[in-house]
Each structure stands twice: as C-alpha cells, then as structure tokens.
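Hi there,

Here is the structure I promised to pass on. Have a look at it first, and then read my notes below.

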Amino acid sequence: KGEYAVTLLPGDGIGPEIMTATVGVLEVVAAKASFKFKFQDALIGGAALDAMDDPFPDTSLQACQSSDSVLLACIGGYKWDKNPREKRPETGLLKMRKTLGLFANLRPAKVLPQLVSASTLKPEVVSGVDIMVVRELTGDVYFGTPKGIRTGSDGEREGFNNMIYKESEIRRIAQVAYGVAEKRGKKLCSVDKANVLDVSQLWREVVTEEGLRHHPDVALEHMYVDNAAMQLIRNPKQFDTIVCGNLFGDILSDEASMLVGSLGMLPSASLGDPRGPGVFEPCHGSAPDIAGEDKANPLAMILSAAMMLRYDLSQPQAAEALEAAVERT
Ligand code: NAD
Ligand code: IPM
Ligand code: MN
C-alpha cells in the first residue's frame, strides 16, 4: 500500500508537544521509505470536552474507524478533574478503547544499555530486562456494572464497582498473550489474585486450559499480583511475557517503566479486530506538571509510532529503523 491514513489524537497536557515531535519523525520515515502518510487530526479528552462538550465525540470515532491506524498522545488535566464521570477526559479514552474493540494492550519494557543508569534500581538488576506486559483493556473493574456511589440502608454512602470477566474475554486475551510469548522467550507469567478473587480463579482456569490445549510449548507460570509487584523490582529478568487483567496491567506497566528508567520511554499498542485500526499510545498520562515547558520525553510516543508500523501497517523494516534511531539518540 502506498499511502496510510492515520488519525492523530493529540489530547491534553504534553500531548500536542509529543505528537508534533512524532509526526516530524514519521515524515522522515516516509521520505526514506516507499509509502506516505495522510494525517488527520481529531479531538479526544479535555480538548474534545472544551470544543464539543463530549470527551470522545462521534466525529472522532468516525475519523478513527475510517483510518488504517490511530496515534493517541494522552488525555486529562486538573481543569476537568472535578467534572462528573461522563464529562471526564478519561471516560473518552475508555469509550474509544471499548467502541474500537481494543481488548489487547501490549506494553513492552525494554531496558536500553545506554539508559541502565537512569533506573532507580541497581544496574545489574535492570540491564538486559526485556518484558512484554499483555494487558486486557476492555473489561475488568474498569467496565463492570453495577457501579456507582449510593446511600446504603444504614444511611452511609458507599462506592462500588464490579470486577468481572467473561470466559470468552479471558480466552481471547490469553490467545494473544500465548501468541506473543511464542515469538519471544516462550515463557508466560499470568498475574492474578486467585487466592482471594473469584474472577481471578476463573482467569487462572481459562489461561491454564488455553495453554494445555493450544500452546504446550509455552512455559506457563501463575503469580499473585502482590508477589508480581515485588518480583518486578527484586528480579525483573525472571519475566518474559506477562498477561493480566485491566487494573493489574495498568499498575504493573507503570511499575515496569521504572526498570526502563522513565515513564516517558514506555510505548504501547492497543489491538483488537485486525480489520479495524489499532491505537498506538504511550503508557504515560498528560503530565500536567510539565506541560508547555518543552520538557516532555517524546520517545514513548515515537516508539508507539514504531509499534504502529509493525503491528498495523506491516512495515517491520521501517519500525526497526525507527527503533534503531531511538537507541542511537
Ligand atoms: P502521568 O503519567 O501524566 O505523570 C506521572 C509523572 O510522570 C509526572 O511527574 C509526569 O511529569 C511524568 N511524565 C509522564 N510522561 C512523561 C514524559 N513523556 N516525559 C517526562 N515526564 C513524564 O500521570 P498522572 O500525573 O497520574 O496523571 C495526569 C493526568 O493524565 C490525569 O488526568 C490522568 O488521568 C491522565 N492519564 C492519562 C493517560 C492516557 O492518556 N493514556 C494515562 C495515565 C494518566
Ligand atoms: C493508562 C491510563 C488510563 C487507564 C486512564 C487514564 C483511564 O492510566 O492508559 O494507563 O487506566 O487505562
Ligand atoms: Mn495507566
């Protein structure tokens, strides 16, 4: 294909800064390769709330659906933090993931030799770390119902959410994770809280079954999330591929960024139906504390663009060239 339609969602905070840097890099990639990009801007998050009173308007959804791929920077900020739930930037991001069916979020944490000393951990602990977190992205306590804040029968207010997974949702993310592990070190660690949570008990059963049936060549290990959080710091090199639910994956991937040295280095790919576009987004947020100061690290966004070239646009050579350029820089 000669031309790729890519929707850009710059969002809020440092979003526009890192998006501008990334588009500049992609123009260079295209100039050196045999394809072109056709970029189209769309609104999400606080920027969309300010302009259209909707954190992910239908016009943005349509722009995404009509594209080959979507690049998203980040959303959120103090200005909207007190809004009701449906008028929050985060709600727009979740709606985008859900409506585009992006159930698999790949978050690689690879330590570059040049940045070993950037981590807060000892060099011998982090050097050589290469972990892929496969985070389920459209289920779990993020989307479960019922949810809300209510006044209980005793007159006291209570907040509640529902941590819930259907078997089919567990099975499809397990399939993605085994597929990823197969192409890497053939080692999969499934993270849950099966000693306490029923939803995790089902998670563990289904992940185990899927492995026995279809992926006997991948070594499967189960780990409770509290231990996993500890092991990631104690000895991160024991991990190759990690699979977990939405909430645990959110937390563990930010933790993994500290092995790499900076949250500003962690890219991600959000994938679903291969016929639809994937969304490529850094793991970090809008960093409102440094927005507008030209201090933000754009590499997580640029590396997310490399993941777009690899996973959505089938341009592995361009992806590798871009990653090599990041390593040299
Ligand atoms: P954050 O990731 O925005 O920032 C955490 C810390 O990391 C801050 O000190 C920030 O300055 C720093 N940081 C993050 N990205 C950086 C980069 N590229 N370069 C340099 N430093 C960077 O998390 P937060 O402060 O908890 O949340 C801020 C807002 O972002 C909130 O509104 C939150 O809901 C939102 N958020 C959005 C996303 C997303 O768009 N995917 C992800 C996480 C948080
Ligand atoms: C992320 C973010 C989002 C999440 C928020 C902003 C909804 O933290 O992309 O990691 O929790 O998924
Ligand atoms: Mn997060």
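**What I found**

Across residues 5-329, the chain is 41% helix and 19% strand, with the end C-alpha atoms 28 Å apart. Please keep in mind that this is a predicted model. The UniProt record, an unreviewed entry, annotates residues 5-329 as "domain: Isopropylmalate dehydrogenase-like".

**The ligands**

Let me begin with ligand 1. The shell around ligand 1 holds 20 residues, and the closest are Gly76, Gly264, His284, Gly285 and Ala287. By class, that shell around ligand 1 consists of 10 nonpolar, seven polar and three charged residues.

Around ligand 2 you will find Gly76, Glu90, Leu93, Leu94, Asp250, Cys283 and Gly285. The shell of ligand 2 splits into three nonpolar, two polar and two charged residues.

**Helix α10 and its partners**

Next, a helix that packs against two others. The axes of helix α1 (residues 15-32) and helix α10 (residues 299-311) come within 9 Å and cross at roughly 45 degrees. That angle makes α1 oblique to α10, and the crossing is right-handed. On the α1 side the contact is made by Ile18, Met19, Ala21, Thr22, Val25 and Leu26, which meet Met301, Ile302 and Ala305 of α10. The classes in this contact of α1 with α10 are eight nonpolar, one polar and no charged residues.

How do things stand between α10 and helix α11 (residues 316-328), and at what angle do their axes cross? Their axes come within 7 Å and cross at roughly 160 degrees, so α10 runs roughly antiparallel to α11. This crossing of α10 and α11 is left-handed. Leu299, Ile302, Leu303, Ala305, Ala306, Leu309 and Arg310 in α10 meet Pro316, Ala318, Ala319, Leu322, Glu323 and Val326 in α11. By class, the contact of α10 with α11 has 11 nonpolar, no polar and two charged residues. Ile302 and Ala305 of α10 turn up in both contacts, facing α1 as well as α11.

**Helices α6 and α7**

There is one more helix pair to show you. Helix α6 (residues 167-183) packs against helix α7 (residues 198-214) at an angle of about 50 degrees, and their axes are 9 Å apart. α6 is therefore oblique to α7, and the crossing of the two is right-handed. From α6, Glu167, Ile170, Arg171, Ala174, Gln175 and Tyr178 meet Leu202, Trp203, Val206, Val207, Glu210, Gly211 and His214 of α7. Seven nonpolar, three polar and three charged residues make up this contact of α6 with α7.

**Two backbone details**

Which kind of peptide bond joins threonine 145 to proline 146? The bond is cis, with omega near 0 degrees, and proline 146 sits in the loop between β5 (130-136) and β6 (148-151).

The other detail concerns aspartate 53, which has a positive phi of about 60 degrees although it is not a glycine. Aspartate 53 lies in the loop that runs between α2 (46-52) and α3 (58-65).

Key:
Residues are numbered from 1 along each chain as its sequence is written. Chains are lettered from A and ligands numbered from 1 in the order in which they are written. This is a predicted model: local features need pLDDT of at least 70, side-chain atom pairs count only at pLDDT 80 or more; totals for chains, interfaces and linings use all residues. A residue is near a molecule or strand if its C-beta atom, placed from the backbone, lies within 6 Å of it. Ala, Val, Leu, Ile, Met, Phe, Trp, Tyr, Cys and Pro count as nonpolar, Asp, Glu, Lys and Arg as charged, and the others, Gly among them, as polar. UniProt positions are given in the numbering used here, feature names are shortened, and annotations may be inferred rather than shown by experiment. Helices (H or I, at least four residues) and strands (E, at least two) are DSSP runs, numbered from the N terminus. Axes are lines fitted to C-alpha atoms, for helices over the stretch in contact, and angles run from 0 to 180 degrees between N-to-C directions. Angles under 35 degrees count as roughly parallel, over 145 as roughly antiparallel, 65 to 115 as roughly perpendicular and the rest as oblique. A crossing is left-handed if the near helix is turned anticlockwise from the far one by less than a right angle, and right-handed if clockwise. Two residues are in contact if their C-beta atoms, placed from the backbone, lie within 7 Å.
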